[in-house]
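Here is a friendly walk through a few local features. Have the structure open beside you as you read.

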Amino acid sequence: MFSSPTSSRTLATTTLKGAGLIDSDTRMRDATADKPGGRKGASKIRTHRTRPIDAYKEPHGPSRASMLAARTQPGGASDILTIRGASTVGRLRRNAVTAAVAGVAPSKAHAVPVKAVEVWKDFVNRRWNPESRFLNLERMMDDPEIQKHHLLPPGAPASSVREASVLFKLASHLRPAVQTLSLANNNISSGQLLSTLAHYLPKLANLSLQNNNLKVWRDIDFISGRKGKLEHLRELILLGNPLRELEIQNGRGDKYKSDMARRFTSLIMLDQEAIATIAFDAPGPSSTPVTEKRATATTFPYEMRPPFITGVEDSVVSNFLVRFFPLFDDQRAALLDAYHPSATFSFSCNTAIPSRARIQGLHVSKDMPNQRKLDWGLWLNSGSRNLNRMGGGVDKVVNSLHLGSEEAIRAMSTLPKTKHDVSGSPEKFCIDAWPVGQGENLKLFISLHGQFIEEPSQGIRSFDRAFVLAPAPPGSRAKLNGWDVMVLSDQWSVRAYSTHDAWHPGPMRVQAGDAMPTQPTQQPTGSIPFSSSLIPAGARAQLEHTISTFSEPQRNLIMQICEQTGLNAKYAVDCLQNNAWVFDRAIANFEEVKGALSRDAFL
């Protein structure tokens, strides 16, 4: 009778135990996995067996077990500064490891691996002066340690944002905090390398980028204060950069300084020269004689005049517009007869909300809910020819100018439907027209400003449109279809909505507003002079919300300053604080400096 595999294995185990060849608690396993009754697969019990790589690494580096122990001990690897992108300097190549296992000596001498971040850390510490809080990162490519370990500092060929981030993060750990940083003479050619600077050193006060290779304003925008970056920067040096040198050479030095001051509002020194700043200073005793107060202009020399049409009969202009816009709104294909066969058409979009409209809250007002439904996407994707924001090269510039009447009508047909109420609300449109050219080349130029309703959202947009018209020749397609003139050129600019008050006839106030008496009449406590208010319509609620954190007496004073001067909340508070919250002194101080204030100071 044949025995089962299980009984055979039990008998063999008992015999071997009796002979002392195996221990009593050890089970016998089949030599092969395919025998009947044998144990299938590898055991789930794993032991820390010695690997060939450990035999090679143990004399010269940590084994897996030692590394595991190091991680669990205080001060081990968990305490090391970790920065994404940091690499290991001196890491042995795979073929060197293979050769060592095979008994062949590697070509390089064995050394303890050194992390690149440690090299960077040592470099930053050597360049750090804690007494002056100055970190000198100039000429990094010339540093012997950087060259020895073949590291790529910012500005070096093939360097990336990662290396710059390593440096800036290490700098953020220095104590006391870094106040002055110099990155001069590093051949930095892209502002993207500086994109993490403001993140790690947000309160940096002084920065030198002298003798680098920054060429365009976009490089500066990576650290620009207007985007919430380096808001505490007081001094910036850009000497020796193509951007700065080109602006100076082309006679745009003042514009360069103005653009820099706009980007970094806290800046007081640029390229080792002071920037003129305006602030409210409390009046104090003066040793200079009091000079006679000069009159300050509060309006422009010329008033805003009504629309004008000269050199041509009014009926020519009105007949054209009254017929043109209804067809443009409802049947654009019918305008083909009104355009010359070689006419040109283009349109551009200005998506920025005008300052006055933003202050008045026109685009978020509950009274105009349809403004929130407007979308610029279709306009921008239909060939907007805003040359200041156009990308895509020459082809896009050329293709956005439509040549010929058929191309012009085809381009118009892709744009959203509109509704111009030219006849019903003429006050919402401003029309100027005059002849251009001479003799047989006499043309008519029409400049039109107004607004239209976009369908189906029913939101309102403003626009500017310029036509160049010519008399329709007898027998021409335009003349046969009842057009006295035909369009040679049509340029249409679509803008975010703003009211038609801009061309309202009358005096044009300068930024400081109407003249105010030096010694204003005393206002009753808690009262606000609404009759002569310079606060734009719709801005009062926003202003009251802005100053809601002040006490009631202070709020009254701030509102009175805003009412009488037109200053915004920030400058009104600054004016009062620097004059001990005394109303008369604040008004007198404003009258002294209002001619030098920028537009940003006013509502």
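Does Asp271 count as buried or exposed? This is a predicted model, and in it Asp271 has 6% relative accessibility, so Asp271 counts as buried.

His150 lies in the loop between helix H6 (144–148) and H7, and with a relative accessible area of 67% His150 is exposed.

| Cis bond | Omega |
|---|---|
| Arg175 to Pro176 | about 0° |
| Glu455 to Pro456 | near 10° |

Pro176 sits in the loop between helix H7 (161–172) and strand E5 (180–182), while Pro456 is in the loop between strand E14 (443–455) and E15.

Now to the helices. In H16 (residues 405–413), the residues Ser405, Ala408, Ile409, Ala411 and Met412 are buried. Viewed down the axis of H16, these buried residues fall within an arc of 160°, so they line one face of the helix. They pack against helix H12 (314–330) and against several strands, including E10 (339–350) and E15 (459–471).

Finally, H19 (residues 552–565) packs with H20 (residues 569–577) at an angle of about 115°, the axes being 9 Å apart. That makes H19 roughly perpendicular to H20, and their crossing is right-handed. From H19, Leu557, Ile558, Ile561 and Cys562 meet Ala569, Ala572, Val573 and Leu576 of H20. The residues of this contact comprise 8 nonpolar, no polar and no charged.

Key:
Residues numbered from 1 in each chain as written. Predicted model: local features only at pLDDT ≥ 70, side-chain atom pairs only at ≥ 80, totals over all residues. Heavy atoms only, no water. Axes fitted to C-alpha atoms, helices over the stretch in contact; angles between N-to-C directions. Helix = DSSP H or I, 4+ residues; strand = E, 2+ residues; numbered from the N terminus. Parallel < 35°, antiparallel > 145°, perpendicular 65-115°, else oblique. Left-handed = near helix turned anticlockwise from the far one by under 90°. Contact = heavy atoms within 4.5 Å. Nonpolar A, V, L, I, M, F, W, Y, C, P; charged D, E, K, R; others polar. Buried < 20%, exposed > 50% of the residue type's maximum accessible area, 1.4 Å probe, protein only. Arc of directions from axis to C-beta.
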